[in-house]
Amino acid sequence: MFEKIRNRLTLLFSILMMLFLFLFIASSYFILSFALYHDSKSAVQSLTAHEWEEHRHELIKWQKKSKKKRVKIDIKQHERAFYYVIDKDGQPFDGDEIFPELRQSILTRIKGWQPQPSEVRIEPFKLPDGKTLYIMLSGHSEYEGGQYIGAVYAGVDITQQHDVFERLMMILALLSIVFLVLSSLLGYYMASRAMKPIMRSFARQREFVADASHELRTPLSVIQSSLEVLESENREGLSDFSRQLIVDLKDEVRMMTGLVGHLLTLARADSGVLQLRKETFDLAILSHQLARTFQTLLAKQAQLFELEVPDTLTVYADAERIKQLLYILLENASKYTPAGGRITLEVSEERKGKEHRVRLAVRDTGIGIAPEQQARIFDRFYRVDKVRSRRIGGTGLGLAIAEWIVQAHEGSIELESELGKGSTFTVFLPSNRKTG
């Protein structure tokens with residue numbers, strides 16, 4: 001139990017750290033991107049605006065020429081910025097360039113692009129030697145009479161900034177992974193430290209419950225015996241009130257004995273002292289034996305009992321614990337089923353994939369359990385109807401013990417219930433045999 005809680009706390013702490021790192025990386029990405037590219041963005045937008053103001057009239061004149069002679073574009077290899085003046089057909093007729101070998105690739109990328117004000121794009125380009133360049137592009141479209149006649153496009157080489165940005169993000173990602181691993185280890189350590197006082201307190205409480213339960217068994221047995229002796233020796237001399245008082249006392253002692261027994265069982269289970277004693281036995285025979293015991297009890301309460309079990313069903317489990325499990329479920333069904341109600345015990349084997357599993361189901365037509373109470377039905381000392389449970393001798397520990405027995409056998413227990421129509425407790429246990 002504590003191991004699960006510790007792992008859950010560690011996982012929660014790790015998830016919080018992952019969320020924090022995600023937010024940190026995301027914010028770092030935008031901050032670094034703004035810091036590294038802000039100047040280049042301003043530069044390319046300024047260049048675009050300047051060249052547009054300078055060449056817009058040339059663009060209009062160029063559009064009206066009947067014979068168009070292409071203008072030679074200047075090459076400035078030692079610069080970081082370039083521009084092209086493009087006509088409506090996507091052909092440049094003026095400009096400066098720094099990568100003549102990339103002219104066609106650049107023109108292909110910007111073809112059809114009519115950028116909005118302040119819009120920029122970062123595009124990668126491959127040089128013949130295999131090196132990748134990153135260029136930030138911006139542009140300004142020109143219209144006449146509502147018709148597109150061309151545009152001015154400018155670009156800035158930001159390869160150096162991009163490489164720096166990638167290295168910083170890679171370093172940040174690696175540091176984040178290291179930090180996440182360290183934070184997970186720290187979370188596990190902190191969860192372990194936080195759990196120690198709780199574990200010590202729980203251990204002391206468990207020891208107290210076990211010791212108290214063990215010590216209470218003897219005086220309860222003495223009281224029970226004394227009441228029986230008192231009742232047998234003075235039956236004739238006792239008044240009706242005294243006889244009823246003795247009966248009530250015996251009922252209380254019986255209920256306390258059951259409570260002490262349940263507490264001792266759970267305390268031993270929590271401490272790991274209580275171990276399963278698995279053996280191979282016929283569950284069908286055990287079910288019939290248990291049914292004979294319950295049929296007499298249920299008949300006194302005018303309740304009907306049905307048993308659905310195969311002729312034989314061999315399982316490998318702790319026979320005494322399985323018997324205790326069925327007894328708890330049947331007793332619980334009997335307590336909350338009115339006279340004339342029906343209780344059914346179903347025992348069967350079914351296949352799930354390559355595995356066989358045993359199915360145990362106890363169905364009743366009792367008062368049922370509200371949906372909001374079903375989640376807590378296996379909690380210790382939890383009782384749906386406390387007044388009714390007290391009257392019929394319920395302690396709120398039976399189903400907790402039933403759940404422990406099922407979990408100790410690596411099985412599962414499920415509940416289906418509807419108010420006024422009854423409940424069905426279904427147990428699935430591994431039968432420890434595989435199909436061929």
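This is a predicted model: local features need pLDDT of at least 70, side-chain atom pairs count only at pLDDT 80 or more; totals for chains, interfaces and linings use all residues.

Visitor: How do you know how the axes of H6 and H9 are arranged?

Guide: The axes of H6 (residues 319-335) and H9 (residues 398-408) come within 9 Å and cross at roughly 145°. The crossing of the two helices is left-handed.

Visitor: Why is serine 40 called buried?

Guide: Buried means under 20% relative accessible area. Serine 40 has 5%, so the residue counts as buried. Its place is in helix H1 (residues 2-64). Leaving out residues up to four places away in sequence, serine 40 touches Arg80, Met136, Val156, Ile158 and Gln161.

Visitor: What makes a set of residues a nonpolar core, and which residues have the most contacts inside the largest one?

Guide: The members must be buried residues of the nonpolar kinds listed for a core, joined through side-chain atoms within 4.5 Å. The largest such core has 39 residues, and those with the most contacts inside it are Phe281, Leu283, Leu325, Leu329, Leu330, Leu360 and Val427. Helix H6 gives the most to this core, with 8 residues.

Visitor: What does leucine 330 contact?

Guide: Beyond its neighbours within four places in sequence, leucine 330 is in contact with Leu290, Phe294, Phe305, Ile343, Leu345 and Val362. Another core, of 20 residues, lies apart from the largest one, and includes Trp52, Tyr83, Val85 and Leu172.

Definitions and conventions. Residues are numbered from 1 along each chain as its sequence is written. Side-chain values use heavy atoms; hydrogens and water are left out. Axes are lines fitted to C-alpha atoms, for helices over the stretch in contact, and angles run from 0 to 180 degrees between N-to-C directions. Helices (H or I, at least four residues) and strands (E, at least two) are DSSP runs, numbered from the N terminus. A crossing is left-handed if the near helix is turned anticlockwise from the far one by less than a right angle, and right-handed if clockwise. Buried means under 20% relative accessible area, exposed over 50%, partly exposed in between (1.4 Å probe, protein chains only). Contact means heavy atoms within 4.5 Å.
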